[in-house]
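Me: I would like to learn how to read a ligand site and a nonpolar core in a model such as this one. Could you take me through them in turn?

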Amino acid sequence: MAEKQHMNLVIIGHVDHGKSTLTGRILLEAGAIDPHIIEKYKKEAEEKGKGSFYFAWVMDGLKEERERGVTIDVAHKKFYTDKYYFTVIDAPGHRDFVKNMITGTSQADAAIITCSAIEGPQAQTKEHVFLATTLGVKQIIVAINKMDAVKYDQAKYNEAKEGVAKLLKMVGNKVENIPFIPVSAYCGDNVKVKSENTPWYSGPTLFQALDNLSVPEKHTEKPLRVPVQDVYTITGIGTVPVGRVETGVMKPNMKVIFEPSHATGVVKSIEEHHEQLPEAVPGDNVGFNVGGVAKNDIKRGDVAGPVDNPPTVAKSFTAQIIVLNHPSVITVGYTPVFHVHTAQVACQITEICSANRAGKPLTDLSFIKNGDNAIVKVKPTKPLVIEPAKDFPPLGRFAIRDMGQTVAAGVCTEVEKA
Ligand code: GDP
């Protein structure tokens with residue numbers, strides 16, 4: 001059998017709406033939890049006369065073990081469906097989630113948004129919907145969870161569904177293409193098996209919806225962009241920058257330019273895992289030997305591209321940002337560090353052009369704070385390559401970091417060239 005294609009999945013939603021329980025349920029139904037662990041808790045639950053609640057015991061047990069720092073199978077969080085091989089990546093709330101999403105170390109290909117049918121969307125539901133959309137997660141599945149707790153009431157489901165749909169629409173998602181599924185992470189309804197408790201629901205189960213996802217496109221038709229992670233000199237070979245191809249195709253004999261360093265050279269050979277490649281395509285992590293460039297001519301944060309279509313160095317740029325975690329307020333003049341692809345450059349916010357708070361436009365644009373969504377003008381303090389996200393998605397997303405945390409995240413919408 002051919003190897004199944006890999007997808008990164010993130011499970012998001014308001015605290016207590018069932019992210020961990022649903023993750024556990026998915027792993028259990030997919031057969032990804034070590035049977036020994038399940039047996040252990042099942043036995044424990046039976047001994048205490050709570051056999052039917054063994055799933056809750058499994059979840060609680062795993063949580064306790066995690067808290068004690070015990071590494072167990074489930075921590076890897078990998079599972080297979082009929083069509084794909086999934087890895088569940090860290091959720092927002094985890095310290096480096098936003099940064100990892102931006103730098104691509106754990107860019108999610110799809111997100112499951114959990115929303116409790118008991119109370120409908122809450123503050124973090126909105127924050128996570130906005131964040132996932134801003135960070136470029138294109139495929140979304142909505143799980144309206146805890147259906148058991150509302151007696152599988154269709155009206156409660158519809159209420160929560162409408163609430164989440166409204167949030168998704170606010171940031172430009174087409175909800176017609178998004179599956180909404182009534183589930184119970186606790187009891188397993190509509191997770192792998194269609195539930196008899198929801199006869200009014202005719203859509204896919206969660207597993208079917210996962211199989212209906214499509215593999216993310218590789219943008220080979222676009223100009224080449226390779227953000228440089230590191231530069232090595234290898235005796236007998238020469239200068240070897242290392243990075244991941246984000247768009248386009250790299251082939252030997254191509255003339256490339258590294259911006260903003262402005263060094264040019266010719267690609268001599270491309271390697272991945274110690275094997276020569278005839279070409280590198282998006283997603284490939286490669287080392288490539290370039291002639292005519294010395295190690296010190298280029299550095300981490302540069303982006304390689306074709307000489308006739310070089311990466312854009314910005315004098316200033318316009319961006320849409322969401323303030324996630326700032327201890328006070330953000331005003332014009334604020335100069336935190338922007339993490340864009342592999343670059344880290346201090347940039348100044350020079351104008352707050354417009355902003356929304358709780359979905360309503362602000363008239364006072366003197367400051368923005370947590371939860372706000374704003375259009376801002378930004379000026380890098382040093383040369384920086386950044387591209388509009390609509391042209392080069394991975395080169396247009398950024399995290400704003402200050403005082404050791406991610407204070408905001410955003411996407412570049414327009415660039416004024418240097
Ligand atoms: P998280 O904070 O989003 O990860 O939420 P948890 O998975 O920790 O769940 C929060 C609480 O809701 C826990 O007490 C769970 O047992 C409970 N819960 C989660 N899913 C369900 C469900 O489908 N039905 C019911 N009744 N309770 C659930």
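**The ligand shell and the core**

Reply: Let us begin with the make-up of the shell, remembering that this is a predicted model: the residues of the shell around the ligand comprise four nonpolar, seven polar and four charged ones.

Me: How many residues surround the ligand, and which are the closest?

Reply: A residue is counted as near a molecule when one of its heavy atoms lies within 4 Å of it. Here 15 residues surround the ligand, and the closest are Asp-16, Lys-19, Ser-20, Thr-21 and Asp-148. Among the contributing elements, helix α1 (residues 19-29) gives the most to this shell, with three residues.

Me: Which atom of Lys-19 is 2.8 Å from an oxygen atom of the ligand, one of the backbone or one of the side chain?

Reply: A polar contact is a pair of N or O atoms within 3.5 Å. For Lys-19, a polar backbone atom is 2.8 Å from a ligand oxygen, and for Ala-185 a backbone N or O atom lies 2.9 Å from an oxygen atom of the ligand, whereas Ser-184 places a polar side-chain atom 3.3 Å from a ligand oxygen. Of the 570 Å² of accessible area that the ligand has on its own, the protein covers 75%.

Me: And how should I read the largest nonpolar core: which of its residues touch the most other members?

Reply: In soluble globular proteins, nonpolar side chains tend to be buried together. In this model the largest nonpolar core has 66 residues, of which Leu-22, Ile-26, Ile-112, Ile-144, Leu-168 and Phe-180 touch the most other members. Helix α6 (residues 154-170) gives the most to this core, with six residues, and the core draws at least three residues from each of domain 1 (3-210) and domain 3 (311-415).

Methods: Residues numbered from 1 in each chain as written. Predicted model: local features only at pLDDT ≥ 70, side-chain atom pairs only at ≥ 80, totals over all residues. Heavy atoms only, no water. Polar contact = N/O pair within 3.5 Å; in protein donor to acceptor, adjacent residues only side chain to side chain. Areas by Shrake-Rupley, 256 points an atom, 1.4 Å probe, with all protein chains shown as cover. Helix = DSSP H or I, 4+ residues; strand = E, 2+ residues; numbered from the N terminus. Nonpolar A, V, L, I, M, F, W, Y, C, P; charged D, E, K, R; others polar. Core = buried A, V, L, I, M, F, W, Y, C linked by side-chain atoms within 4.5 Å. Buried < 20%, exposed > 50% of the residue type's maximum accessible area, 1.4 Å probe, protein only. Domains from an automatic or database assignment.
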